[in-house]
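User: I am new to this structure and would like a close look at a single part of it. Please take me through its aromatic rings slowly.

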Amino acid sequence: MKLIETDEDVKCFHCGDQCHLNYVQFDKKHFCCLGCQSVYQILLGSDLVDYYSLESTPGLPQSSDKLKFNYLENPEISSQVLDFASESLEKVRFFIPSIHCSSCIWLLENLHRINQGVLLSRANIGEKVVAVDYDPRILTLSDLVQLLVSIGYEPVISLDQQEAKTDHAADRALILKIAVAGFCFGNIMLLSFPDYLGLDLRIDGQLASWFKWITVALSIPVLAYCSSDYFKSAVNGLRQRYLNIDVPIALGILALAGRSYYEIVFDIGTGYLDSLAGLLFLLLIGRWFQHRTYNRLSFSRDFKSYFPLAVSKLDEGREQSVLVGQLQAGDVIMIRNSELIPADCVLLDEIAGVDYSFVNGESREIARRRGSIVFAGGRHIGLSARYQVQKPVSQSYLTQLWNHHSFREQKHDPRELMINSISKYFTVVVLLLAFSAAFYWLFIDPSRSVFVFTSVLIVACPCALAMTTPFTLGTMVNVFGRNKLYLKNAQVIDKMANISTLVFDKTGTLTELKGKMVLSGSLTADMANMLAALAVHSNHPVSRNVLLLLKDQFNLDPYTCVVSDFKEIPGMGISGKVNGSIIKLGNATFVGTNGSDDAGTLLSVDGKINGNFKYSMDFREGLGALFRNLTKGFRLALLSGDSDYQRTELENKFPLLEQLSFRQSPFDKLEFVSNLQKQGEKVMMLGDGLNDAGALQQSDVGIAVTDQTQHFTPASDGILHASVLGQLPAFMKLARCSRVIIVSGFVCSFLYNLVGLAFAVSGNLSPLIAAVLMPTSSISIVIFTTMAVKLAAVNLKLN
């Protein structure tokens with residue numbers, strides 16, 4: 001292995017990234033860093049270099065910094081992660097965001113060739129999940145995670161894995177009930193074959209009697225265990241003086257069971273216990289399939305997904321791993337670089353950098369000093385630091401922020417009110433209809449009365465009606481997500497369908513940095529180091545580009561400088577005292593000199609201009625076509641915090657914009673949106689989330705446009721990747737299509753109930769067929785809404 005210095009265009013053999021000035025050469029191959037070279041050595045030593053033949057440069061950029069996962073040695077923590085644990089076998093599933101190609105699948109499914117402790121591994125590229133079976137006597141959980149990290153596939157371990165246990169337990173309980181019902185159903189049918197075949201068992205009356213009582217015994221677990229959820233739900237509803245959908249199902253089950261036991265006890269017939277067991281078996285299968293379908297379309301996210309599962313707690317100077325939920329006020333924790341701060345804390349060390357991109361959508365490193373309040377969700381940047389917990393996680397500021405009414409307040413959807421009204425009276429109507437039909441059939445054919453009564457109760461179901469809206473909108477959320485529009489929740493789509501005015505922020509939303517930044521002026525190495533020490537605390541694109549430029553030209557070590565009084569004013573610049581000198585980086589007004597604010601980014605040291613960083617901000621491609629497509633159904637406006645030097649250019653380039661406003665402060669943008677709403681407009685605001693969070697929150701729909709989708713703004717309703725800004729008209733049209741799809745779903749649901757009830761009342765529908773039809777109606781709505789949304793997306797040229 002040797003380091004090479006070159007200016008040639010060389011790409012990394014592992015990840016395909018451009019190799020910079022200094023790169024690594026090993027085994028006659030080039031690597032951009034020691035991390036990529038280390039992964040290649042691991043694969044070479046395990047005879048897995050075929051990994052590179054499946055895809056061209058399939059690997060990911062590596063870091064020589066390996067995270068420590070020793071906290072997974074804690075049994076209390078590992079039990080929250082593992083799916084199964086025994087002396088010789090443990091099973092675990094990890095979410096790995098970096099899975100991206102067939103080579104990833106191939107490598108992850110060959111982990112046993114790297115470490116003999118791995119027994120089996122299976123990867124799912126769609127869900128980005130790898131399931132691993134391993135021998136804990138050879139390989140520990142933390143060693144397994146370190147193995148994945150070493151080959152470039154670091155798993156995400158979060159609180160959601162704990163909460164998923166409840167869902168898995170519920171699934172297992174439902175599957176067990178299905179198994180019990182299926183076993184009883186099969187055996188009751190077997191014992192009922194003489195009746196099915198019309199055989200005469202009077203020659204052995206004792207055998208016939210035994211068959212009847214065995215079926216009774218087999219029906220008891222069906223009635224007492226398999227149907228318990230329906231009875232519990234019905235009783236809970238009645239206690240709340242509410243007739244839910246499980247009330248008629250419970251009555252149907254009791255009717256079948258009561259009639260069957262009556263006939264068997266008084267020896268006047270064989271009853272309908274086979275129908276009872278079959279009914280429960282099919283109902284439970286339908287419920288399981290509904291759950292699986294719903295889970296597959298699940299789109300909700302919780303802020304806890306961003307939190308680490310465990311954190312290092314300091315106890316008398318010693319570190320110990322504890323669950324985040326166990327933190328108490330007063331606990332002292334140690335947070336390392338890039339770890340999320342899991343609770344509201346006070347900084348105990350002298351200084352620390354904190355990135356609040358999760359809180360406000362602005363990826364900006366902020367310097368915090370000893371005694372500063374650091375809110376939950378901030379990402380610690382820099383050297384490890386100690387924090388004292390002020391509030392436990394359950395009382396965290398982030399919880400309050402995420403659940404605050406300003407982010408959650410929604411008007412009642414008229415469709416939702418209609419569904420609730422229908423559901424409220426639906427059960428009452430079904431019960432009246434069932435009793436009326438049963439009473440009628442008592443005079444026509446008493447033997448069919450119970451079947452008619454049960455069929456009416458089972459087949460009628462408002463579930464399909466209630467599922468139309470959430471599944472339509474939920475499927476659209478998935479379509480939007482695949483096309484890089486990430487919405488906060490499904491209700492945002494309904495709001496998008498009502499939008500009448502679109503308001504765009506200019507800088508960072510409609511514009512982007514073009515070309516490479518150029519420095520005018522000369523900087524000494526010390527001055528460059530001090531400027532880098534200041535710029536490193538800001539994540540603004542300009543600051544980051546200044547830092548990159550300085551790194552290309554100087555050998556920097558910014559953390560040797562002492563920075564204080566750091567300030568960043570949105571739209572203006574950054575300033576601070578570095579090694580005793582006052583440094584400002586920003587526009588002409590900010591640094592205190594004459595000149596136009598569009599002259600570039602100026603550097604001043606102790607009031608003297610020492611350099612000018614020039615760059616080109618140009619409008620994104622395709623804006624003309626974007627505005628032409630949007631004017632067909634929306635009013636358009638543009639806001640900017642810059643001066644109006646571009647007004648003429650904008651008016652000539654984008655004549656379809658109805659209103660242009662410049663020198664807009666964050667408050668001015670909020671007021672602009674508010675005034676439009678007072679005029680009756682439904683407003684969508686599109687901004688970069690840096691200095692327009694108030695306007696995003698005030699608007700009916702706030703969309704943060706960013707080049708980095710990991711940025712999250714609680715004030716916004718969605719995040720749009722800047723590369724797909726041109727698809728905004730298609731997104732708006734698809735949102736409006738949701739209304740047509742939902743209304744169509746309502747019509748299908750009403751028709752199903754009308755036709756099903758007609759057949760049931762007429763005596764032409766058995767309870768077993770009704771049990772099949774009830775979940776089928778819900779499933780058909782899911783299929784209909786899913787296919788309708790996908791077809792609409794294809795027509796709009798969305799993935």
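Which residues do ring pairs link into a cluster?

Analyst: This is a predicted model, and in it ring pairs join Phe504, Phe619, Phe627 and Phe654 into a cluster. For the aromatic pairs, the count comes to 9. One of them brings together phenylalanine 504 and phenylalanine 627, whose ring centres are 5.4 Å apart and whose planes stand at 75°, and because planes over 60 degrees apart count as edge-to-face, this pair is edge-to-face. The two partners come from distant parts of the chain, since phenylalanine 504 belongs to strand S18 (residues 501-505) while phenylalanine 627 belongs to helix H22 (residues 623-630), 123 residues apart. Phenylalanine 504 and phenylalanine 627 are both buried.

Phenylalanine 627 also forms an aromatic pair with phenylalanine 654, again edge-to-face, with 5.2 Å from centre to centre and 80° between the planes. Here phenylalanine 627 sits in helix H22, whereas phenylalanine 654 is found in the loop between helix H23 (647-653) and strand S26 (659-661), so this pair ties together parts that lie 27 residues apart in sequence. Like phenylalanine 627, phenylalanine 654 is buried.

Aromatic rings elsewhere in the model have charged neighbours. The charged end of lysine 177 is placed over the ring of tyrosine 225, at 5.5 Å from the ring's centre, and lysine 584 lies over the face of phenylalanine 590, 5.9 Å from the centre of that ring.

Methods
Residues are numbered from 1 along each chain as its sequence is written. This is a predicted model: local features need pLDDT of at least 70, side-chain atom pairs count only at pLDDT 80 or more; totals for chains, interfaces and linings use all residues. Side-chain values use heavy atoms; hydrogens and water are left out. Rings of Phe, Tyr and Trp (its six-membered ring) pair if their centres lie within 6.5 Å; planes under 30 degrees apart count as stacked, over 60 as edge-to-face and the rest as tilted. Helices (H or I, at least four residues) and strands (E, at least two) are DSSP runs, numbered from the N terminus. Buried means under 20% relative accessible area, exposed over 50%, partly exposed in between (1.4 Å probe, protein chains only). A charge sits over a ring if NZ of Lys or CZ of Arg is within 6 Å of the ring centre and within 35 degrees of the ring normal.
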